[in-house]
Amino acid sequence: MSKALIVWGGWDGHEPDKISNILGDVLRKHGFEVEITNDLDAFKNHPNLQSLDLAMIHWTMGQITHEQMDPLLHAIRNGVGIVGLHGGMGDAFRAEPDWHFMSGGQFVNHVGGIIDFTINIVDREHPITKGVNDFSIKSEQYYMQVDPLNHVLATTTIVGDDETPWVKGVVMPAIWTKPYGKGRVFYCSAGHVAAEFEEIPELMTIVTRGMLWAAKKL
């Protein structure tokens, strides 16, 4: 049986517990044995991280020790898949450049707060996004510093606001994959709250496929 570990925590506003349980249930429907915890020591104390097919982190901001982080990064480099959403990976552990090196991007602003915007699929042949249409969403539109190594699956055009007119029209990566050693990394900047997964079928499809892809099941 495929195995997944989901670790959640950090800022409660991103509803990490709800989102982790929603996606944990999705993985179970696809035949995964899923462990969900809100303890970062799970990475340090796991009896065999390398036996996992997939790890998911949903921990906005916060701090992680090297005793907790390094075993996870080692496991990813050796083939364990990793998935992250929104601030749960893209704004996790701001003080840790090794984390950003793995994840492929770091949040720096959500211009305008909660706004209406569109996510545009740019790779329509990738198994994660094939057959999925562009979709509209009302959420935080992430402005990020991103890794040129990323394989961008979808972008969003920054709406901007009166305080930051210079960023209006910037085309920002929103969903990507990348390698990290032998591991597969999948990241989606949408997913601010749990309702987005219930209300936007395109988002749920992409994230479900992203989890399976990172676990080398797609």
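**Salt bridges, helix packing and local geometry**

Lys 217 is partly exposed, with a relative accessible area of 44% (buried means under 20% relative accessible area, exposed over 50%, and partly exposed in between, with a 1.4 Å probe and protein chains only). The structure is a predicted model, in which local features need pLDDT of at least 70 and side-chain atom pairs count only at pLDDT 80 or more, whereas totals for chains, interfaces and linings use all residues. Residues are numbered from 1 along each chain as its sequence is written, and side-chain values use heavy atoms, with hydrogens and water left out.

The side chain of Lys 217 meets that of Asp 53 in a salt bridge, at 3.6 Å from N to O (a salt bridge being a side-chain nitrogen of Lys or Arg within 4 Å of a carboxyl oxygen of Asp or Glu). Asp 53 lies in the loop between H2 and strand S3 (54-60), and Lys 217 in the segment after H7, so the pair ties together parts that are 164 residues apart in sequence. Helices (H or I, at least four residues) and strands (E, at least two) are DSSP runs, numbered from the N terminus. Side chains of opposite charge can pair when their charged atoms come close.

In the whole structure, 6 salt bridges are found. One of them joins the side chains of Asp 41 and Lys 44, with an N to O distance of 3.5 Å. These two residues are 3 residues apart in helix H2 (residues 41-45), which means that about one helical turn separates Asp 41 from Lys 44. Asp 41 is partly exposed at a relative accessible area of 23%, and Lys 44 is partly exposed at 41%. A further salt bridge links Asp 91 with Arg 94, whose closest N and O atoms are 2.7 Å apart. Here Asp 91 counts as buried, at 3% relative accessibility, while Arg 94 is partly exposed, with a relative accessible area of 47%.

Two packed helices are described by the angle between their axes and the distance between the axes. Helix H1 (residues 16-29) packs against helix H7 (residues 201-214) at an angle of about 60 degrees, and their axes are 11 Å apart. Axes are lines fitted to C-alpha atoms, for helices over the stretch in contact, and angles run from 0 to 180 degrees between N-to-C directions. H1 and H7 are therefore oblique to each other (angles under 35 degrees count as roughly parallel, over 145 as roughly antiparallel, 65 to 115 as roughly perpendicular and the rest as oblique). On the H1 side, the contact (heavy atoms within 4.5 Å) is made by Ile 22, Leu 23, Val 26 and Leu 27, and on the H7 side by Met 204, Val 207, Thr 208 and Met 211.

Trp 59 is placed in strand S3 and is buried, with a relative accessible area of 13%. Residues up to four places away in sequence not being counted, Trp 59 touches residues including Val 7, Trp 8, Asn 38, Leu 40, Gly 87 and Phe 93. Between Trp 59 and Phe 101, 42 residues apart in sequence, the C-alpha to C-alpha distance is 17 Å.

Backbone geometry was also examined. Met 61, although not a glycine, has a positive phi of about 55 degrees. Met 61 lies in the loop between S3 and helix H3 (66-77) and counts as partly exposed at 30% relative accessibility. Lys 216 is likewise not a glycine and has a positive phi of about 65 degrees. Lys 216 belongs to the segment after H7 and is partly exposed, with a relative accessible area of 44%.
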